Amino acid sequence: MIVVRYADDFVCGFAREADAQEFHADLKARMEAYKLSLHPEKTRLIEFGRSATESRAKRGLGKPETFTFLGFVHICGRSRKGKFLLVRKSRIDRLRNKLREVKEELRNKINANIPEQGRWLGQVVRGYFAYHAVPSNIQALRAFRYHVTCAWLWLLNRRSQRTRWTWEKMERLAGRWLPMPRILHPWPNARFAVTHPR
């Protein structure tokens, strides 16, 4: 059994389906003993992992289900060599909500000078990357930076009728203040492969 927990959210992994079903029933009974209940939409049993794709294909079923956890959608994927790969992608709804917050705050900074706006936006993008820059999630990082740049372009063009910002000029400005997307976190197997000099 594998348990990954953060606050009151957790994911449990089992090698055998029977163990998962038994654990689910016991957990439900345990919660009910304390007048608590499992969230009906968040709690489910799914087939996931290294052999899920082949197992479901043999039974004539589609791709393995995905699940969301800590702001990521977890997907059974394949590496270039055809081996199992845990793919994590940022949740679209969370990305949209963050962009909405950025746009609202940008409106409050419409009269701020460009360096002040650039420093603030750089901090926002770096903060987003610090959490979301996991392997297999580079497209979400690119999308976030692109939409932040678009929002900044819209703001600059709106506040001045004389100066029109072109996309080429905006790309140079973004290149100065906004970090480029790159993966910052290692794969889980590399992160836990800790060695000690002794």
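## Basis

Local features in this predicted model need pLDDT of at least 70 and side-chain atom pairs count only at pLDDT 80 or more, while totals for chains, interfaces and linings use all residues. Residues are numbered from 1 along each chain as its sequence is written, and side-chain values use heavy atoms, with hydrogens and water left out.

## Overall fold

The chain holds 7 helices and 5 strands. Helices (H or I, at least four residues) and strands (E, at least two) are DSSP runs, numbered from the N terminus. Starting at the N terminus, their order is β-β-α-α-β-β-β-α-α-α-α-α. The radius of gyration is 22 Å, well over the 16 Å that the globule rule gives for 198 residues, so the chain is more spread out than a compact globule. That radius is taken over C-alpha atoms, and the globule rule is 2.2 Å times the number of residues to the power 0.38.

The C-alpha trace spans about 70 × 50 × 45 Å along its principal axes. Of the 198 residues, 29% are buried (under 20% relative accessible area; exposed is over 50% and partly exposed in between, with a 1.4 Å probe and protein chains only). Taking contacts (heavy atoms within 4.5 Å) between residues at least 6 apart in sequence, 52% join residues at least 24 apart.

## Helices α5 and α6

The axes of α5 (residues 138–159) and α6 (residues 167–177) come within 10 Å and cross at roughly 120°. That angle makes α5 oblique to α6. Axes are lines fitted to C-alpha atoms, for helices over the stretch in contact, and angles run from 0 to 180 degrees between N-to-C directions. Angles under 35 degrees count as roughly parallel, over 145 as roughly antiparallel, 65 to 115 as roughly perpendicular and the rest as oblique.

On the α5 side the contact is made by R145, Y146, T149, C150, W152, L153 and L156, and on the α6 side by W167, M170, L173, A174, G175 and W177. C150, in helix α5, is partly exposed at 24% relative accessibility.

## Loop residues with positive phi

A7 is not a glycine, yet has a positive phi of about 55°. A7 sits in the loop between β1 (2–6) and β2 (9–13) and is exposed, at 52% relative accessible area.

K35, also not a glycine, has a positive phi of about 60°. The loop between α1 (17–33) and α2 (52–58) contains K35, which is exposed at 78% relative accessibility.
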